[in-house]
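Work through the exercises below with the coordinates open. Each task is followed by a solution in steps.

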Amino acid sequence: MTAQIRLPDERLRLCAGFVRDGAKLADIGTDHAYLPVWLCQTGKCPSAVAADINPEPLKRGALTVAEAGLSDRIKTRLSDGLSEICSDEADDIVIAGMGGELIAKILGDSELSREPEKRFILQPMTKSEALIKWLCDNGFEIIGQDCCVAAGKCYTVILARYCGEKINADELFYYLGRLRPNENETHLLFVRGHIARLKKQARGEARFGALANRLEEIING
């Protein structure tokens, strides 16, 4: 009897919600491979590559895939970022559970990221503003964004694609992205986290305080 997988937290559920129906998936930094297994079990994805840079997490992922009876549809692969992922293997690519600066590096190191038909579902654990700035500076557009709370912390998930044109954005956009803090309580919680961190940074550099004030003006309407 094959094991039925449940996604263990809201971060992965939010990532799953951005995956297109019928898309082939690559999950970078897969760890237990819960996301690709769940997406294939539910019929949302026909196939997937579960990739990780470290052998031990990949072994855990391979075990999950085998227990789910999906070894014929999900490949597990040792890969430094996107380096071992072929273009025809993935339409939607999830890069989750790592810092925003590392996600930016993974995208920057790969030609695959510059294929406009690909969709990138990015879940930074930290430095989402650095990731959004990098996306704007390097020809990516943000076509969707949402937030969730998992284990008592608020996270954002960014849906992006390569458009080839640098986006000239105000610095506030790096913190807000496509979020709507005046309409969505979870978005508001995430932006308030930015404000708190900016106020701490302002002790060393005043401009961060000015940014915090501008964000507060937005959320206070």
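Helices (H or I, at least four residues) and strands (E, at least two) are DSSP runs, numbered from the N terminus. The model is predicted: local features need pLDDT of at least 70, side-chain atom pairs count only at pLDDT 80 or more, and totals for chains, interfaces and linings use all residues. Residues are numbered from 1 along each chain as its sequence is written, and side-chain values use heavy atoms, with hydrogens and water left out.

**Exercise 1.** Determine which element gives the largest share of the lining of the second largest pocket.

Solution. A pocket is defined on a 1 Å grid over the protein atoms alone, as an open set of points where a 1.4 Å probe fits, with protein on both sides within 12 Å along at least five of seven lines; lining residues have an atom within 4 Å of a point.
- Step 1: 18 residues line this pocket, and nearest its centre lie Met125, Thr126, Lys127, Phe190 and Arg197.
- Step 2: at least two lining residues come from each of α5 (128–137), β7 (153–162) and α7 (185–201).
- Step 3: α7 has the largest share, with seven residues.

**Exercise 2.** Describe the lining of the largest pocket by class.

Solution. Ala, Val, Leu, Ile, Met, Phe, Trp, Tyr, Cys and Pro count as nonpolar, Asp, Glu, Lys and Arg as charged, and the others, Gly among them, as polar.
- Step 1: the lining has 31 residues, with Ile28, Gly29, Thr30, Ala96 and Met98 closest to the centre of the pocket.
- Step 2: elements giving two or more of them include α1 (10–18), β1 (25–28) and β4 (92–98).
- Step 3: the classes are 14 nonpolar, nine polar and eight charged.

**Exercise 3.** Find what the buried residues of α1 pack against.

Solution. Buried means under 20% relative accessible area (1.4 Å probe, protein chains only).
- Step 1: the buried residues of α1 are Arg11, Leu12, Leu14, Cys15, Ala16 and Phe18.
- Step 2: they pack against α2, β4, β5 (119–124), β6 (140–150) and β7.

**Exercise 4.** Which backbone nitrogens does the side chain of Asp9 reach?

Solution.
- Step 1: Asp9 sits in the segment before α1.
- Step 2: its side chain reaches the backbone nitrogen of Arg11 at 3.0 Å.
- Step 3: the backbone nitrogen of Leu12 is also reached by the Asp9 side chain, at 3.0 Å.

How values were computed
Buried means under 20% relative accessible area, exposed over 50%, partly exposed in between (1.4 Å probe, protein chains only). Contact means heavy atoms within 4.5 Å. A polar contact is a pair of N or O atoms within 3.5 Å; within protein, one must be able to donate a hydrogen and the other to accept it, and residues adjacent in sequence count only if both atoms are side-chain atoms.
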